Amino acid sequence: MFNAKSSTVVLAALLAAQAGWAEEVRVYNWSDYIDEELLTKFEEETGYDLIYDVFDSNEVLETKLLAGGSGYDVVVPSATFLQRQISAGAFQPLDKSKLTNIGNLWDVVSARTETYDPGGEYSINYMWGTTGLGVNVGKVTEILGEDAPINSLELVFNPENMEKLAECGVHFLDAPTEMIPAALQYIGEDPDAKDEETLAKAEPILAAVRPFVQKYHSSEYISALANGDICVAFGWSGDILQSRDRAFEADNGVEVAYNAPVEGALMWFDQMAIPVDAPNPEGAHAFLDFILNAENMAAASNYVYYANGNAASMPLLVEDVIGDPAIYPDKATLETLYTTTPYDARAQRFVTRMWTRIKSGT
């Protein structure tokens with residue numbers, strides 16, 4: 001029998017649930033990658049409830065995105081992954097009329113991210129940086145001597161060095177899109193190579209040092225380096241600078257230094273984008289516009305020690321950030337940096353198999 005009263009109650013409950021969902025903004029970002037006070041500030045200023053989850057590899061994010069129904073409103077892929085995900089239809093175009101602060105973007109960074117997202121149709125830059133060498137200066141010089149090549153790929157790709165460094169611990173990123181180009185750069189090959197013949201040349205370089213790598217992980221090296229548990233990490237600039245500052249604050253006798261390799265380092269970009277099936281695109285745009293605010297972007301950079309793509313934030317950056325060439329490289333270093341583009345499906349399969357062999361040591 002039709003019951004109008006119970007139907008009305010059910011409909012009201014459904015509408016209330018939908019309204020509650022609409023008041024949430026769900027963000028999926030890299031771990032240790034924002035000043036958490038900004039999350040509270042966003043909620044206070046907008047009235048949205050912010051659900052903030054973290055990941056530590058592009059592959060984890062991509063799996064969720066391409067499966068569909070991730071439930072997130074804003075995600076933060078690296079630019080090479082973003083480009084492939086745009087082609088797969090994973091994102092919705094930005095409504096720039098809702099981004100009142102978009103004029104704050106830095107044209108220097110926007111010009112470089114044009115390769116991945118022409119016209120910035122789908123994304124804004126959050127942070128950018130380089131991939132390079134984090135070292136515990138005391139331990140490394142004790143083992144390799146005062147002339148240890150702490151600013152060179154020789155440090156991690158020369159097996160003689162790595163065999164000695166194994167006693168104090170070395171971590172590599174669990175990121176084939178970072179490690180394979182670096183190995184190719186080391187031997188003078190194109191780090192953006194896509195053909196299997198060139199890609200295969202990276203395998204013997206990485207396999208030769210595999211026995212001396214304690215762990216492949218894309219976030220654990222932050223604490224491990226700061227605590228003195230390892231002495232070398234091949235990782236992201238901002239992460240290693242966080243390690244440096246944590247060690248300094250702990251006054252634990254660990255001196256951490258970061259260097260972009262003199263042979264050339266990968267310049268990467270992390271972009272904020274809105275999934276095509278985002279439950280709350282209105283709230284997603286509100287979050288992006290909040291991040292584009294110069295004061296908020298400066299607070300994020302001042303906390304995580306990464307460079308950002310927001311020109312208006314620069315006057316608000318602390319000297320330890322804007323004045324540190326490890327974060328904002330000088331012109332000469334910028335000229336040595338390289339960028340990479342996504343692998344096509346065939347190259348990706350080849351790289352995935354190669355990386356599995358390298359990590360397993362088989």
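1. The largest cavity has a volume of about 120 Å³. Its lining is made of 13 residues, and those nearest the centre are Trp30, Trp236, Asp239, Asp270 and Tyr306.

2. Before you read on, please note that this is a predicted model, in which local features need pLDDT of at least 70 and side-chain atom pairs count only at pLDDT 80 or more, while totals for chains, interfaces and linings use all residues. Residues are numbered from 1 along each chain as its sequence is written, and side-chain values use heavy atoms, with hydrogens and water left out.

3. A word on how the spaces are found. On a 1 Å grid over the protein atoms alone, a cavity is a set of points where a 1.4 Å probe fits but cannot get out, whereas a pocket is an open set with protein on both sides within 12 Å along at least five of seven lines; lining residues have an atom within 4 Å of a point. Grid points are joined across faces, edges and corners, and a volume is the space filled by probe spheres set on the points. By this rule there are four cavities of 30 Å³ or more.

4. The second largest cavity holds about 100 Å³ of space. Its lining has 13 residues, and the closest to its centre are Ser78, Thr80, Leu266, Trp268 and Thr340. At least two lining residues come from each of helix H4 (79–87), helix H9 (176–186) and strand E9; helices (H or I, at least four residues) and strands (E, at least two) are DSSP runs, numbered from the N terminus. E9 gives the largest share of this lining, four residues. By class, the lining of the second largest cavity has seven nonpolar, five polar and one charged residues.

5. Now to the open spaces. The largest pocket has a volume of about 340 Å³. It is lined by 15 residues, with Asp32, Ile34, Gln242, Arg246 and Tyr303 closest to its centre. Helix H2 (36–46), strand E2 (49–55) and helix H13 (237–250) are the elements that give two or more residues to this lining, and the largest share, five residues, comes from H13. Eight of the lining residues are nonpolar, two polar and five charged.

6. The second largest pocket contains about 230 Å³ of space. Among its 13 lining residues, Asn259, Ala260, Pro325, Ala326 and Thr333 lie nearest its centre. Two or more lining residues come from each of strand E8 (256–259) and helix H17 (331–336).

7. Why is E4 described as largely enclosed by the rest of the structure? Because 14 of the 14 residues of E4 (residues 123–136) are buried, where buried means under 20% relative accessible area, exposed over 50%, and partly exposed in between (1.4 Å probe, protein chains only).

8. E4 also has several strand partners, and two strands pair if DSSP finds at least two bridges between them. With E9 (residues 266–273), E4 pairs in the antiparallel sense over eight bridges, and Met127 stands opposite Asp270 there. That Asp270 is one of the residues nearest the centre of the largest cavity. E4 is also antiparallel to E7 (residues 232–236), over five bridges, with Trp236 as the bridge partner of Thr131. Four bridges join E4 to E8, again antiparallel, and here Leu133 faces Asn259. With E10 (residues 307–308), E4 forms two antiparallel bridges.

9. Returning to H13, this helix has 14 residues and reaches 20 Å from its first C-alpha to its last, close to the 20 Å expected at 1.5 Å a residue (the expected span is 1.5 Å times one less than the number of residues). Its buried residues include Asp239 and Gln242. Their cover includes E4, E7, E8 and E9. After H13 comes Asp251, with a positive phi near 50°.

10. Lastly, look at His285, in helix H14 (residues 281–292). His285 is buried, with a relative accessible area of 3%. Setting aside neighbours within four places in sequence, His285 is in contact (heavy atoms within 4.5 Å) with Leu94, Asp95, Lys98, Leu99 and Ile274.

Terms used
Nonpolar A, V, L, I, M, F, W, Y, C, P; charged D, E, K, R; others polar.
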